[in-house]
Amino acid sequence: MDVSTNLQLMTAGLAMGSIYALVALGFVLIFNAVGVVNFAQGEFVMVPAFVAVWLMDILKIPFPLTYLITVVFMGVFGIVFQRIAYYPLRHRTFLPVIIATIGVSIFLKNGAQMVFGAEPFLMHRPTPPDVLNLAGVFVDPQYIVIIVCTLALLVFQYLFFEKTSLGKKMQATAQDKEMARLLGIRVATMIAITFVYSSILGAAAGILVGPIFYVTKEMGGMLGLKAFCSAIVGGFGSVPGAILGGIFLGVVEVFAAYYISSAYRDAFAFIMLILVLLFRPQGFFGEKIAEKA
Amino acid sequence: MLKVEGIETWYGAIQALKGVSLEVKQGEIVALLGANGAGKSTTIKTITGMLKPAKGKIEFLGEDITGMEAEDIAEAGIACVPEGRRVFAGLSVMDNLMLGATSRKKPSKAELDRDLERVFHLFPMLKEAEDRLGWQLSGGQQQMLAIGRGLMSGAKLLLMDEPSLGLAPVLVQEVFKVIKEINTAGTTILLVEQNARMALLIANRGYVLETGRLTLTDTAADLLANEDMKAHYLGAHAHVKEARERRRRL
Amino acid sequence: MNPRAAKPLLLAALALAVLVFPWVVNSSYWLNMVNLAIGFSVACLGLNIVLGYTGQLSLAQAAFWGVGAYTSAILTTRLGMPAWGGMIAAFVVAGFFGVLLGIPTLKLTGHYLAMTTIGFGIILQLILINAIWLTKGSDGIPKIPSPWLGSYELKDPGAFFYVAAVSLILFTWASIRLKDSRVGRAFLAIQGNEMAAETMGVDSTYYKVMAFALSAGYAGFGGWLFAHSGSHYISPDTFSFDQSVMFLAMMVLGGNGSAVGSIVGATLLTLVPEVLRFLKDSYMMVYAAGIVLVMIFMPGGIAGLVRTLPVSPRLREWWHMGSEAARQVEIAAAIAQPAAAPVSPGSNGTLLTVKRLAKYFGGLKAVDGVDMEVRRGEIQALIGPNGSGKTTILNMLSGLYIPTAGEIVLDGANVTGQRPHVITAHGVARTFQNIRLFGDLTVLDNVMIGQHGRSRAGLIPSILQPASQRTEEAAMREKALDMLEFVGLRGAEFAEAKSLPYGRQRVLELARALVSDPKLLLLDEPAAGLNAAETEALLDLLFQIQDQGITILLVEHDMSLVMNVSDHITVLNFGKKIAEGSAEAIEKNQEVIDAYLGTEAGNA
């Protein structure tokens, strides 16, 4: 058990965890706002990754502009998604909505394949490919970028939700839509903003993680499922829960893959999920949803 | 101030309101009474815009608000204290109150502070609980918060849907006292209640709704004395005491 | 034509269709497709049991399909077992894994459950890929043998079709039978309202695990069909989360809860992509878009669509005429029921003793050391302000909460902390503050479920329906009809419970509680939402119930009801008892007045 290996693993774990946290956040925000479990959330990461790669590789647009365009694109994507996928389903019950969002996920995956082809892409890194040596610990600089950017995003988000009046209105909308309307809060706008912000979170995740993994149509699938696990482990519906759940799962996954088995790497997130649900079903931060008899 | 004419509202295939007309004049407390399922809440939801009437007209301060969106109706000056209180459980008392002012058109900080003071004066316990979150309050405190939030809107017409529901009798009296005070201070109130007696004790006039239709309307005093009312809504005390006497004798 | 005469005719037509099918559809390719569709249908039928009937969202169906396929493949290729043996093994082993999934997920619902089943499925698939010594990993298992019928190898897709078709018919028949039986009702009750089902005597743990096991078994069988036909080759990729999603889509397309719907959905979604292949690259996108559109415009699936056709209600009524239930209702309606004579409650004395009962939720002391006694045959009321602990006490008495401290003794038996269905077996029944009826079920079925604890038919009798089961069902129906007569709900037997007006729903809930012949009836705010006329009717009903020898404990806010119906009143405040006595005594008790009644006497 050597310290520098563990520190490397920890960094990698925090980086992966940050990605999971971002996607889990996107999940939870949409769920809180409109009660929909969006099984296409993973594709919110895949789509911007493809867009970014295309802008960088094919159109040879420099990094900062690529990132900007991708973020704006995803903002628009969020609005379109809300209009086409969420809006017609808003009165449907739980089951049709799950299947529909899964349908959208399949649609997006195959759409990406049709537009970009089936070959996996490699996204250019904004950071140098050489591993940094920080006091004996070898760290991929992209990991640092991921962690720092995620942190910045989370701070911004906290300030927005807790300190601005718009943020409070969005919280109110998430907690009780009808009541918010009765007070004069433009709920349709709040929901649109939620989708836009959730998509932008996906854009951030896609841009940050693209350089580490191959960009393929399947990259979003497992990511989305694990992010979902993160949200539940942290306490479904809780924003800090989604973040901490994601980081926790990222770290556990990396360590377990190294020390226990890399073949079963994907299983660990779900094993954690099952364990948490067995022993603390409300997750770390969830409220016990006790049914009132 | 508010004129409702011939409203017909449907819940899917069920016609909940079959032509309801009522009026609320400035400065009044008007009570809307009726049994569970009579259509009282449906009427409120139609006025606030949460439901759209299939037929009929709603006029507020001379403006036709039929079919308008709920957010616009809130801005027009109608506030609602809904059934079940519905405070924002994850937000603080202060946040809840400030959100109540959303529908106001560019209020100055001074105006908001003044109205906040008014609310705290009416409900001193809310001032103490300023930072507590909605879910941490008791049923009675939540009712006070919901009313305070309604007042923060500066609305001219306050719709109150079953404010006494689920509260212990001693708190019910508190609530009705406060409603009377608010009215005296200048807010017009349309009060929906199952507790007919308490409502009529503070109201000027009343309407009685039965399965979607208005069956009775009169001044509060006359309604209280009305024999039909007594039998159906004001508690069948004499009736029931007889039943028990009969049993005792068996 | 009488539906009873029609049934055998339909069966004959079906048999004929199956027999000639492989001659009519000559192509090997399409027969293989049909066999595949049948295999999928069986898996969907399984999903229909766990999700459609019991309401548990399981997204691991493909994993069980895989377990069944691999179990049989390994046994037949490695150990030389005949395919029929593999078939049984597939069903059993998959069923066992279903139990494995069912047990840890008992307390989970909705998306928590969905995620857990997804996780389970993914873990199983990873095992299939990585346990190379057992499953040959990603290489898969080729050359899976066909089943033999005597000396005839069922290798030709047409020949295998018979196996598949017969199995499908049997599984469908079993599913349909199951729905209208004691076990089926238990499943539906759990979906409708699990808490209420538990208090009706339904052991939800047992039935949920049973549902998972059954559905997994079905899926495993489907996997067996898949492995021993077509390309006779399986590999782990087929048994992925995407495939589970496919099963879900098939089932929902067909119509959640409809056995025949599952078959239609599975067949359509197997055959349609074949037809769409000409679209090449974009066919998956069209397929996916199609699924989304169906969910938007037809959430009830095809079965839902069929139900809205104008001819449907008449057809359903005609088919229904032949059922036992309808016959019994007709007969009962023709006979006038005599009024029930008053019954003495038996020996006097205490029925329920509660000592130092407490319930703490973290730091909140909802109930803080309460002593109570309910005498046999009396009507006692439990009153107090909101949050004083009344409903918490009722919940502990009915087993929905486990007490933190104290003991509950019912008729000499210590029932502290027992599960709801156990307490119900001791003779307790209850109603709820917010009505907890099984809204989608009929009035009659609601009352039938109330007798769950007093009846016995298990899984096999519920499917096979031997004479003993039918006798039991008839007796239960008889009793249910009597109860409906008693509470005044005659004529509404086949109406959907949720379609009744509010006051009658309350009465139905009462009937459902009474039908289990309880010693103690717990009522949680029975007068909530009733107007004065309905409250008076309730009052009469309560007295009639008391006349039947049943003891009543009610929680209520409506003082006019409480003061006039109660023999004894207990008053709570902040989790403690502050007073008890007769109505007259309580009315005058100063502490009670301050805490609760207020100075305005006579709140309506």
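This is a predicted model: local features need pLDDT of at least 70, side-chain atom pairs count only at pLDDT 80 or more; totals for chains, interfaces and linings use all residues.
**Chain C, domains.** For the contact between the two, I noted 22 residues from domain 1 of chain C and 27 residues from domain 2 of chain C. On the domain 1 side, the elements giving two or more residues are helix H7 (157-179) and helix H8 (182-199) of chain C. H8(C) gives the most to that side, with 13 residues. I also sorted the domain 1 side by class: 11 nonpolar, 6 polar and 5 charged residues.

**Chain A against chain C.** Next I went to the contact between these chains, which takes 35 residues from chain A and 36 residues from chain C. Which elements of chain A give two or more residues to the side that touches chain C? I found helix H4 (94-116), helix H9 (219-234) and helix H11 (267-279). H4(A) gives the most there, with 13 residues. My class tally for this side of chain A is 28 nonpolar, 4 polar and 3 charged.

**Chain B against chain A.** Last entry: I have 18 residues from chain B and 14 residues from chain A in this contact. On the chain B side, helix H2 (70-76) and helix H3 (93-100) are the elements with two or more residues. H2(B) gives the most, with 4 residues. By class I wrote down 9 nonpolar, 5 polar and 4 charged residues for the side of chain B that touches chain A.

Conventions: Residues are numbered from 1 along each chain as its sequence is written. Chains are lettered from A and ligands numbered from 1 in the order in which they are written. Two residues are in contact if their C-beta atoms, placed from the backbone, lie within 7 Å. Ala, Val, Leu, Ile, Met, Phe, Trp, Tyr, Cys and Pro count as nonpolar, Asp, Glu, Lys and Arg as charged, and the others, Gly among them, as polar.
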